[in-house]
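Work through these exercises with the sequence and the model side by side. Try each task before reading its solution.

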Amino acid sequence: MKKIIYTLLAVSIIFTACKKEEGCTDAIAANYNADAEEDDGSCTYSIVGVWTPTSISGTQSMSVTVMGQIVDSFDTTFTMTAAEADMDGDVEFTADGNMYVDGDTNSYTYSGNVLTITEDGESETNPCTVTSTSLAVTFSDTETYTEDYMGQEATITESSDMTLNATRQ
């Protein structure tokens, strides 16, 4: 009986010792686990680094309302290269919270796929996605104002959503 118990104990120890440790196996990830032998898909990436803009895509819309009726509107989608959008250089995020783009310096924070950029004391919060090789930041804006439209007071609403896509250098 003792032999059976010892055999079962030895077999269970052998199988337990053979289990591979799981974790993030990508060395550039923020949560890299050097002991992990099997990637479990948990890798997260820092925004810190130099990024080269590749494209900008988005939607824009506008509506003109007079006396409760929409009298004019448009919706459009677009995709353009960084050069077409006049983005001449790279975007750099430093570990000390500075962002450098087109000769300007701004501060930023990044947490939980949310990028907050502060420029001239004003902060803008943008959703973003960071992988080992790519960055996508979405900028959204809606503005409503009134002005004269063919002799009538009109309410004009303009909306835009633009996504900046970049690759890590």
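**Exercise 1. Find the handedness of the disulfide of C24 and C43, and say which parts of the chain it ties together.**

Solution. Bear in mind that the model is predicted.

- Step 1: Take the torsion about the S-S bond of C24 and C43. It is about 105°, so the disulfide is right-handed.
- Step 2: Check the distance. The sulfur atoms of C24 and C43 are 2.1 Å apart, and the cut-off for a disulfide is 2.5 Å.
- Step 3: A disulfide is a covalent bond between the sulfur atoms of two cysteines.
- Step 4: Count such pairs. The total is one disulfide.
- Step 5: C24 lies in the loop between β1 (22-23) and β2 (38-39). C43 lies in the loop between β2 and β3 (49-66). The pair therefore ties together parts that are 19 residues apart in sequence.
- Step 6: C24 and C43 are both buried.

**Exercise 2. Which strands pair with β3, and how many bridges join each to β3?**

Solution. Take the partners one at a time.

- Step 1: Start with β5 (residues 91-93). Three bridges join β5 to β3, and the two run antiparallel. Here G49 stands opposite F93.
- Step 2: Go to β4 (residues 69-81). Twelve bridges link β4 with β3, again antiparallel. For S61, the bridge partner in β4 is D75.
- Step 3: Finish with β11 (residues 152-168). β11 and β3 share 15 bridges and run antiparallel. V66 faces A154 of β11.
- Step 4: Inspect the turn. The hairpin of β3 and β4 has two residues between the strands. In this hairpin, M67 takes a positive phi near 50°.

**Exercise 3. Are S57 and M80 buried, partly exposed or exposed?**

- Step 1: Locate S57. It sits in strand β3.
- Step 2: Read its area. S57 has a relative accessible area of 22%, so it is partly exposed.
- Step 3: List its contacts beyond four places in sequence. S57 is in contact with F78, T79, D161, M162, T163 and N165.
- Step 4: Compare sequence with space. S57 and T77 are 20 residues apart in sequence, yet their C-alpha atoms are 7.5 Å apart.
- Step 5: Turn to M80, in strand β4. Its relative accessible area is 26%, so M80 is partly exposed.
- Step 6: Setting aside residues up to four places away in sequence, M80 touches S55, I56 and A85.
- Step 7: M80 and G58 are 22 residues apart along the chain, with 9.2 Å between their C-alpha atoms.

**Exercise 4. Is the ring pair of F93 and Y108 stacked or edge-to-face?**

Solution. Two values are needed.

- Step 1: Search the whole structure. It holds one aromatic pair.
- Step 2: Take the geometry. The ring centres of F93 and Y108 are 5.0 Å apart and the planes meet at 80°, so the pair is edge-to-face. The cut-off for that class is over 60 degrees.
- Step 3: F93 lies in strand β5 and Y108 in strand β7 (residues 104-111), so the pair ties together parts that are 15 residues apart in sequence.

**Exercise 5. Where does N126 lie, and which residues does it touch?**

- Step 1: Find the strand. N126 belongs to β9 (residues 122-130).
- Step 2: Classify it. With a relative accessible area of 2%, N126 is buried.
- Step 3: List its contacts beyond four places in sequence. N126 touches N113, V114, L115, I117, V137, T138 and F139.
- Step 4: Classify C128 too. Its relative accessible area is 4%, so C128 is buried.

**Exercise 6. What is the overall make-up of the protein chain?**

Solution. Finish with the totals.

- Step 1: Count the elements. The protein chain has one helix and eleven strands.
- Step 2: Read their order. Along the sequence the pattern is α-β-β-β-β-β-β-β-β-β-β-β.
- Step 3: Note the burial. Of the 169 residues, 24% count as buried.
- Step 4: Take the contacts between residues at least 6 apart in sequence. Of these, 43% join residues at least 24 apart.
- Step 5: Note the surface. The protein chain exposes about 11200 Å², and carbon and sulfur atoms supply 51% of it.

Methods
Residues are numbered from 1 along each chain as its sequence is written. This is a predicted model: local features need pLDDT of at least 70, side-chain atom pairs count only at pLDDT 80 or more; totals for chains, interfaces and linings use all residues. Side-chain values use heavy atoms; hydrogens and water are left out. Helices (H or I, at least four residues) and strands (E, at least two) are DSSP runs, numbered from the N terminus. Buried means under 20% relative accessible area, exposed over 50%, partly exposed in between (1.4 Å probe, protein chains only). Contact means heavy atoms within 4.5 Å. Two strands pair if DSSP finds at least two bridges between them. Rings of Phe, Tyr and Trp (its six-membered ring) pair if their centres lie within 6.5 Å; planes under 30 degrees apart count as stacked, over 60 as edge-to-face and the rest as tilted. Accessible areas come from the Shrake-Rupley method with a 1.4 Å probe; for residues, only the protein chains shown count as cover.
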